[in-house]
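Please take a look at the chain below. The report that follows covers its strand pairing, its pocket and the confidence of the model.

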Amino acid sequence: MKEITLYKRGTAHTLIPLYAEAIHAGFESPAADYEEARIDLNDYVSKYPAATFFARVTGECMTGSGIYPNDLLVVDKSLTPQQGDIVVGIIDNEFILRSYFKQGNKEYLMPDNNYFKPIERSEVSHFEIWGVVPHSVLDQRRRNGARINRFEQALRR
């Protein structure tokens with residue numbers, strides 16, 4: 001079962017404005033009405049372009065981490081996985097999306113969805129870490145339905 005589709009990182013042709021003021025999630029700031037600089041998202045997501053790929057998610061094993069089908073992931077092959085990192089692994093020549101977890105001498109690829117099982121590195125189920133996912137791009141509009149349901153429930157209380 002294919003869980004991600006990989007894309008090679010390209011070069012940005014259009015730079016996106018970067019606002020100097022932070023966007024406050026708790027209150028509005030009236031001073032955020034001007035642009036400070038421009039940003040190339042390619043530069044933001046990785047210092048090593050040759051080791052950076054984009055991947056489209058096709059499975060549901062990481063929904064607990066906020067990663068859903070069709071989300072876009074940045075995969076950086078230059079990073080060494082740390083405890084809890086979301087990683088792209090290879091098992092039986094297929095890419096798999098999981099979180100890296102080490103307990104004692106044992107290494108696991110952990111799903112963040114209870115419908116999937118952890119994979120322990122062993123002689124039988126050997127896996128390779130192909131890259132680390134430091135960033136993801138979410139389609140927030142696709143999540144409007146769930147968000148609206150939560151708002152409606154909150155207002156009923």
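E7 and E8 form a hairpin with 2 residues between the strands, and Gly-104 in its turn has a positive phi of about 65°. Helices (H or I, at least four residues) and strands (E, at least two) are DSSP runs, numbered from the N terminus. This is a predicted model: local features need pLDDT of at least 70, side-chain atom pairs count only at pLDDT 80 or more, and totals for chains, interfaces and linings use all residues. Residues are numbered from 1 along each chain as its sequence is written, and side-chain values use heavy atoms, with hydrogens and water left out.

**Strand pairing**

Two strands pair if DSSP finds at least two bridges between them.

| Pair | Bridges | Facing residues |
|---|---|---|
| E6 (residues 86-91) and E7 (residues 94-103) | 6 bridges | Ile-91 and Glu-94 |
| E6 and E10 (residues 128-137) | 4 bridges | Val-88 and Gly-131 |
| E7 and E8 (residues 106-110) | 5 bridges | Ser-99 and Met-110 |
| E8 and E9 (residues 119-120) | 2 bridges | Tyr-108 and Glu-120 |

E6 and E7 also make a hairpin, with 2 residues between the strands. There, Asp-92 takes a positive phi near 50°.

**Strand E6**

Is E6 mostly covered or mostly open? E6 is mostly covered: 6 of its 6 residues are buried, where buried means under 20% relative accessible area, exposed over 50%, and partly exposed in between (1.4 Å probe, protein chains only). Both faces take part. Ile-86, Val-88 and Ile-90 are buried on one side. Val-87, Gly-89 and Ile-91 are buried on the other.

Gly-84 lies in the loop between E5 and E6. Gly-84 counts as partly exposed because its relative accessibility is 46%. The C-alpha atoms of Gly-84 and Phe-101 are separated by 5.7 Å, although these residues are 17 apart along the chain. Leaving aside neighbours within four places in sequence, Gly-84 is in contact (heavy atoms within 4.5 Å) with Ser-99 and Tyr-100.

**The largest pocket**

A pocket is found on a 1 Å grid over the protein atoms alone: it is an open set of points where a 1.4 Å probe fits, with protein on both sides within 12 Å along at least five of seven lines. Lining residues have an atom within 4 Å of a point. The largest pocket holds about 190 Å³ of space. Volume here is the space filled by probe spheres set on the points, which are joined across faces, edges and corners.

Which element gives the largest share of the lining? H1 does, with 4 residues. Helix H1 (41-45), strand E5 (72-76) and E10 each supply at least two. The lining includes Tyr-44, Phe-54, Leu-72 and His-135. By type, the lining has 7 nonpolar residues, 3 polar and no charged. Ala, Val, Leu, Ile, Met, Phe, Trp, Tyr, Cys and Pro count as nonpolar, Asp, Glu, Lys and Arg as charged, and the others, Gly among them, as polar.

**Confidence**

pLDDT is the predictor's confidence in each residue, from 0 to 100. The chain has a mean of 80, and 75% of its residues reach 70 or more. Among the elements, E8 has the highest mean (94) and strand E2 (residues 16-19) the lowest (43). Over residues 14-24 the pLDDT is below 50, and this stretch has 25 contacts in the model beyond near neighbours in sequence. Where pLDDT is low, the predicted coordinates should not be read in detail.
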